[in-house]
Amino acid sequence: MKIAVVGTGYVGLVTGTCFAETGNKVTCVDIDETKVNKLKSGNITIYEPGLEKIFLRNIKENRLKFTTNLVDAVIDAEIIFLALPTPPGADGSADLKYVLGVADQLGKILSGYKVIVNKSTVPVGTADKVKAAIEKNYSGVFDVVSNPEFLREGVAVDDFMKPDRVVVGTKSESAKKLMSDLYAPFVRQGNPIIFMDERSSELTKYAANSFLATKISFMNEIAQLCERMGADVDMVRSGVGSDERIGKRFLFPGIGYGGSCFPKDVQALIMSSDEVDYDFEILKSVEKVNARQKLHIVQKIKTYFNNDLRGKHFSLWGLAFKPNTDDIREAPALVIIDSLIEAGATICAYDPEAIPNVKKQIGDKIKYAENQYEALVNADGLIIATEWSEFRTPDFEIMGNKIKSKIIFDGRNLFDVNKMNELGYYYKSIGRK
Ligand code: NAD
């Protein structure tokens, strides 16, 4: 099939590359000229395990192209995917200006039957809005389909190539057929393509992300109780997670969720609920708990240092909002950095992939180290904000030699408490004794 992907960010690039990998001819389009030029010359723009290899292979096989010209991208395409940003507007609701802006342009370009597929996370009713925007300028036949994306950064290629499920919202039989054919190679192991109406599909994405965010905030509250009641959250987690109705995944407490999706999607669903006069109380608490949890570790640090961080220097391991990505959008590490600096501390950070993005955002507000051990030099303590694998089993001897004070505030519960005590560390983690 001939496919256009409009928006070549985290979702668009993975989508375009994975569709090319199954033999489709894909053109990705983006308004960011620098990004497109980089991609055109075979340089990948995001860090995502496994992506670069198939990206390069499909460019070589002439199945994957990049352009800044929307007309060139969509003119021959049978299916046009929208993978555009839907950032929170001033009130927290999803800003549809990118999606509707492109829909408006498409109306002026389309000819013949096309299927426009929305992969962006959008509020219920957006498919109708996209349709109306196109119809302003185009009277031909087309369908607008909702096909929310569930990939997780860090394992995006695997998630896309072998999705748990594909959700497709459309009432059109022709669009259903096209989407079934397109996704057939991705669901060969029998995972379902779930067809539904557009509105249910749009809500499915928000419901999924909001439920996962709720799970995280719930466990963070249980961790708070553990700290106050002398229980151990690891024990509670395994006791609770063995119940099949609950499941083992997504029960790890930490320093709050971040990233480009959970914070904005929770906010957007709260706003959408308000618009239909429904007070989504649980979600409002989920947000509140998450904001508090990001600062919980800072509070622990302040308490340890008698509320005086002036002149203190900290090492920070992890900047990305989660491991295996360079994405720092809404990363808890950035909140921690701001609070510590405001309190008079200095920071030297290390992250395997996210340093360039952090440098772009906050420049020399902090220092950056070449590796995790260099970051420890002269540190009055180490703070762990992202659970990269390489942080899990460090060389404790090198660590001990580099760090000035053997103090660790671990926001990701990477180490065994007893072992750290044996090694002579003051070790504070989340929800553990
Ligand atoms: P992103 O910011 O990484 O990428 C969006 C891209 O769209 C950027 O490259 C931007 O330059 C481009 N763009 C903006 N306006 C354009 C226009 N008029 N024409 C062409 N390109 C344009 O965003 P993302 O993380 O890929 O997210 C895209 C959507 O997918 C969002 O709605 C998000 O909620 C959703 N989503 C994201 C993830 C994720 O893990 N990142 C997962 C599932 C769903």
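1. Which residue places a polar side-chain atom 3.5 Å from a nitrogen atom of the ligand? That residue is Ser260, and the pair falls under the definition of a polar contact, namely two N or O atoms within 3.5 Å, where pairs within protein also need one atom able to donate a hydrogen and the other able to accept it, and residues adjacent in sequence count only if both atoms are side-chain atoms. Taken alone the ligand exposes 830 Å², of which the protein buries 89%, the areas coming from the Shrake-Rupley method with a 1.4 Å probe, with only the protein chains shown counting as cover for residues.

2. Before going further, please keep in mind that this is a predicted model, in which local features need pLDDT of at least 70 and side-chain atom pairs count only at pLDDT 80 or more, while totals for chains, interfaces and linings use all residues. Residues are numbered from 1 along each chain as its sequence is written, and side-chain values use heavy atoms, with hydrogens and water left out.

3. The backbone also takes part in the ligand site: a polar backbone atom of Ile31 is 3.5 Å from a nitrogen atom of the ligand, and a polar backbone atom of Leu84 is 3.4 Å from an oxygen atom of the ligand.

4. The shell around the ligand has 27 residues, the closest being Asp30, Lys35, Thr86, Glu153 and Lys264, where a residue counts if one of its heavy atoms lies within 4 Å. By class, 12 of the shell residues are nonpolar, 7 polar and 8 charged; Ala, Val, Leu, Ile, Met, Phe, Trp, Tyr, Cys and Pro count as nonpolar, Asp, Glu, Lys and Arg as charged, and the others, Gly among them, as polar. Helix H1 (10-21) and helix H5 (97-109) each supply at least two residues of this shell, helices (H or I, at least four residues) and strands (E, at least two) being DSSP runs numbered from the N terminus.

5. Strand S9 (residues 313-317) is largely enclosed by the rest of the structure, because 5 of its 5 residues are buried, that is, under 20% relative accessible area, with exposed meaning over 50% and partly exposed in between (1.4 Å probe, protein chains only). His313, Ser315 and Trp317 lie on one side of S9, and Phe314 and Leu316 on the other. In a regular strand the side chains alternate between the two faces of the sheet.

6. S9 and S10 pair in the parallel sense over 5 bridges, pairing requiring that DSSP finds at least two bridges between the strands, and His313 stands opposite Thr346 in S10. S9 also pairs in the parallel sense with strand S12 (residues 381-384), over 4 bridges, and the bridge partner of Leu316 there is Ile383.

7. Strand S10 (residues 346-350) has 4 of its 5 residues buried, and its parallel pairing with strand S11 (residues 367-368) runs over 2 bridges.
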